[in-house]
Amino acid sequence: MENMERRKYRIELLPKIKIEIVVKYSDIEVIIKAIIESAKTKEVGDGKIFVLDIKEAIRIRTGERRE
């Protein structure tokens, strides 16, 4: 039979925020650079930037479809 020890430890989680933006393809690099320059602390937990293609945007209120 194994002897199980109980240990107490403290986990300190960093607060997180999520920002979602949709920009024109031609503006991607400028936006990425601005986010990195303003959010970078050089510490663990600075975050990640995900770049995804948006196929279509539809305004719920009017049904309008746009780029």
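Me: Where do I start, and how far is the model to be trusted? What is the mean pLDDT of the chain?

Reply: Start with confidence. The structure is predicted, and the mean pLDDT of the chain is 88. Of its residues, 93% reach 70 or more.

Me: Which elements have the lowest and the highest mean pLDDT?

Reply: Strand β2, residues 65-66, has the lowest, at 84. Helix α1 has the highest, at 95.

Me: How many helices and strands are there, and in what order do the elements run?

Reply: Count the elements, then read from the N terminus. The chain has 1 helix and 2 strands. The order is α-β-β. Helix α1 covers residues 28-39. Strand β1 covers 57-58.

Me: Now the overall form. How does the radius of gyration of the chain stand against that of a compact globule?

Reply: Compare the two values. A compact globule of 67 residues would come near 11 Å, but this chain has 21 Å. The box tells you about the dimensions. Along the principal axes, the C-alpha atoms fill roughly 65 × 30 × 20 Å.

Me: What share of the residues is buried?

Reply: Buried residues are 3% of the 67 in the chain. The chain exposes about 8200 Å², and carbon and sulfur atoms supply 54% of that.

Me: Take two of its members. Why is Val 51 called exposed, and why is Val 23 called partly exposed?

Reply: The cut-off decides. Exposed means over 50% relative accessible area. Val 51 has 52%, so Val 51 is exposed. Val 23 has 35%, so Val 23 is partly exposed.

Me: Where do Val 51 and Val 23 lie?

Reply: Val 51 is in the loop between α1 and β1. Val 23 belongs to the segment before α1.

Me: What is Val 51 in contact with, leaving aside its neighbours within four places in sequence?

Reply: Skipping those neighbours shows you what the fold brings together. For Val 51, the contacts are Ile 28 and Ile 32. Val 51 and Ile 21 are 30 residues apart along the chain, and their C-alpha atoms are 9.9 Å apart.

Me: Which other pairs can I read that way?

Reply: Tyr 25 sits in the segment before α1. Its relative accessibility is 71%, so Tyr 25 counts as exposed. Then take Asp 46 and Lys 16. They are 30 residues apart along the chain, and their C-alpha atoms are separated by 9.2 Å.

Me: Stay with Asp 46. What does Asp 46 touch, not counting residues up to four places away?

Reply: Asp 46 touches Ala 39, Lys 40 and Thr 41. Asp 46 lies in the loop between α1 and β1. With a relative accessible area of 32%, Asp 46 is partly exposed.

Me: How many salt bridges are there in the whole structure?

Reply: Look for oppositely charged side chains with N and O close enough. The limit is 4 Å. A search of the whole structure finds 5. One of them joins Lys 18 and Glu 20, at 3.1 Å from N to O. Both residues are exposed.

Me: What about Lys 33 and Glu 37? Where do they lie?

Reply: Both are in helix α1, 4 residues apart, about one turn of the helix. Lys 33 counts as exposed because its relative accessibility is 52%. Glu 37 has 57%, so Glu 37 also counts as exposed.

Me: How far apart are the closest N and O atoms of Glu 56 and Arg 65?

Reply: They are 2.8 Å apart, in another salt bridge. Glu 56 is at 41% relative accessibility and therefore counts as partly exposed. Arg 65 is at 55% and therefore counts as exposed.

Me: Last, the backbone. What is phi of Lys 42 near?

Reply: Most residues other than glycine have a negative phi. Phi of Lys 42 is near 65°, a positive value. Lys 42 lies in the loop between α1 and β1. At 72% relative accessibility, Lys 42 counts as exposed.

Key:
Residues are numbered from 1 along each chain as its sequence is written. This is a predicted model: local features need pLDDT of at least 70, side-chain atom pairs count only at pLDDT 80 or more; totals for chains, interfaces and linings use all residues. Side-chain values use heavy atoms; hydrogens and water are left out. Buried means under 20% relative accessible area, exposed over 50%, partly exposed in between (1.4 Å probe, protein chains only). pLDDT is the predictor's confidence in each residue, from 0 to 100. Contact means heavy atoms within 4.5 Å. The radius of gyration is taken over C-alpha atoms; the globule rule is 2.2 Å times the number of residues to the power 0.38. Accessible areas come from the Shrake-Rupley method with a 1.4 Å probe; for residues, only the protein chains shown count as cover.
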